[in-house]
Amino acid sequence: MAGATNSATAAADPLAELRDIHLPEAVGYWPLASGWWLLLASVLLLAGLIVWAVRRYRRDAYRRAAVKELNNIYQQYISDLQGSTAPDAGQKYLQQVNRLLKQVYFTHGGSQVAGLSSDLWISELQRVAPGVSIDCFADRLAALYRPELDVSEPDAERIQQELHRWLQQHKRALLTAVPAGEAVNV
């Protein structure tokens, strides 16, 4: 009789035989969806690029300082030409530029160039900046300490352009490298 009552109530209430609603399991954070992996990779790449850019900016600070000093030397040369010290303005300009280039070397441990002059110095400058022409500077540097040295304003402008390119394009790693076949006095 009990079975008859169940079937009678089931026939009267068809929803009584349905099971309860089962909710799905809660969605976890792991494993991440592919969009999150893409975002994470993008953030890491961006962080890496920022670190690289900051390091490069700091590493090339000496280049920016040297270019600024080179511009200051050139401005002083121009003002000397217009002033009363015009006869030795070209020689003073070249001496200061030469000092600046050696200072760039010393900044990075290239002290082996301290005693270099004339052709050896020019070949060393060309060694660390392959492909950069410094012919106008080289011609004037060979006659640096001669009294008849004359550096005209167009020559100084060409020297300025050559040295700007040299400062921007020289290989920093080659500044400290000893040229093949030469010994360094320690």
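Predicted model: local features only at pLDDT ≥ 70, side-chain atom pairs only at ≥ 80, totals over all residues.

Visitor: Why is helix 4 called oblique to helix 5?

Guide: The axes of helix 4 (residues 89-107) and helix 5 (residues 118-128) cross at roughly 50° and come within 12 Å. Angles under 35 degrees count as roughly parallel, over 145 as roughly antiparallel, 65 to 115 as roughly perpendicular and the rest as oblique; helix 4 is therefore oblique to helix 5.

Visitor: Which residues make the contact of helix 4 with helix 5?

Guide: N98, L101, K102 and Y105 of helix 4 and W121, E124, L125 and V128 of helix 5 make it, contact meaning heavy atoms within 4.5 Å. By class, five are nonpolar, one is polar and two are charged (nonpolar: Ala, Val, Leu, Ile, Met, Phe, Trp, Tyr, Cys and Pro; charged: Asp, Glu, Lys and Arg; polar: the others, Gly among them).

Visitor: What makes helix 5 and helix 6 roughly antiparallel?

Guide: The axes of helix 5 and helix 6 (residues 135-142) cross at roughly 160° and come within 9 Å. Helix 5 and helix 6 are therefore roughly antiparallel to each other.

Visitor: Which residues meet in helix 5 and helix 6?

Guide: S118, W121, I122, L125 and Q126 in helix 5 meet D135, F137, A138, L141 and A142 in helix 6. Seven residues of this contact are nonpolar, two polar and one charged.

Definitions and conventions
Residues numbered from 1 in each chain as written. Heavy atoms only, no water. Axes fitted to C-alpha atoms, helices over the stretch in contact; angles between N-to-C directions. Helix = DSSP H or I, 4+ residues; strand = E, 2+ residues; numbered from the N terminus.
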